[in-house]
Amino acid sequence: AESNARKVLGRNQRMHRYFRTIGFARVDSDRDAREILEELLFRNRDAVHHIAMRNGDRLWELRIPLGERLGLTMGGYVAADGKLVRERYLPYIDADGITSTAECMIERHVDNEVYSGLIDDMRIGISLIFRLTNVAEYRQQRAKTPYKMPRGVSIGGLCRDGKILLPVYKNERQRELLHITERERARMISAAKDGDEGAMETLTASDLRLYESVNKRLRREDIYSIVESCFMPDGIECDLYVVVGEIREINRRKNWETGEIIWDFLLRTHDLQFHVYINSLDLQGEPKVGRRFKGTVWMQGTAVW
């Protein structure tokens, strides 16, 4: 059993790809990452949250703030001798407020206590999958009878490589029409999912017109002067998305351990607003409110009950 535990531990303690995003850019090896994790766990042992399962297992979780609205969460199981065995860790951000009130489904990954959530928010037109950050709270809620679905989700993301794009000029009338169009499209998508054939036909015709218009404009315009915002799955990892969105708010966060600066952007994409964090060392361009951000974002979320 201990041999299997060591194998699991070794597999899950490889340096997280987004470790640098929260201010550890100069950590470039698994050994360095493990040393930091062990030091943080030792200093914060009193804050460990223990979870007793019905089958007798004892789990634990620890959230360690490393800056304003950012940190690390660790988790694992308690061995027979009382030792905390760390099975996983991930960087997290605390996105403020509820991003979406769409129904949220939460599922466990096959290999360990890692959970992902899924919401069908009609504003973006696709099923959004994210990594759940408050696993302990979810497990406690799940143990209750009857189980109550989350009333909302606070969504945010981490990015390792981002660019600043110039904005697409719009006057106030064009902005108003865009909001109306986005909300009408969300309404039509919702109706189509409920089986409304008229809505399906309208959406199909609208997509065909859009496709023809984009093809014509691409002959003489750059793609980013046409595509103002984008929220599209990237690769085979289900919680990675290519995001293009307007920057509505900018904050500078600081990692208290390393002093590195992290940009916190509040983005608006398809009428959905959420926070994206990126290490200042990984950003190309000068961020300003009104400009756009483009990057591949690892989405995570906190379920709210």
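Biologist: Which does lysine 148 count as, buried or exposed?

Modeller: This is a predicted model, in which local features need pLDDT of at least 70, side-chain atom pairs count only at pLDDT 80 or more, and totals for chains, interfaces and linings use all residues. Buried means under 20% relative accessible area, exposed over 50%, and partly exposed in between (1.4 Å probe, protein chains only). Because its relative accessibility is 52%, lysine 148 counts as exposed.

Biologist: Nice start! Where is lysine 148 found?

Modeller: Helices (H or I, at least four residues) and strands (E, at least two) are DSSP runs, numbered from the N terminus. Helix 3 covers 135–142 and strand 8 covers 152–165, and lysine 148 is found between them, in a loop.

Biologist: In what order do the strands of the open sheet of four strands come?

Modeller: Two strands pair if DSSP finds at least two bridges between them. In general, strands of a sheet pair through backbone hydrogen bonds, either parallel or antiparallel. Here the pairing is antiparallel, and the order is 1-2-3-4.

Biologist: How many bridges join strand 2 to strand 3?

Modeller: Let's go along strand 2, residues 58–67. Strand 1 is joined to strand 2 by four bridges, with glutamate 61 as the bridge partner of histidine 49 and leucine 59 as that of isoleucine 51. On the way to strand 3, tryptophan 60 stands opposite glycine 76. Strand 2 and strand 3 run antiparallel, and the bridges joining them number eight.

Biologist: Which residue takes a positive phi in the hairpin of strand 2 and strand 3?

Modeller: The hairpin of strand 1 and strand 2 has five residues between the strands, and glycine 56 in that turn has a positive phi of about 100 degrees. In the hairpin of strand 2 and strand 3, two residues lie between the strands, and the positive phi, near 70 degrees, belongs to arginine 69.

Biologist: Last one: how far does helix 5 reach from its first C-alpha to its last?

Modeller: Helix 5 (residues 197–218) has 22 residues. The expected span of a helix is 1.5 Å times one less than its number of residues. For helix 5 the expected value is 32 Å, and its reach is close to that, at 32 Å.

Conventions: Residues are numbered from 1 along each chain as its sequence is written. Side-chain values use heavy atoms; hydrogens and water are left out.
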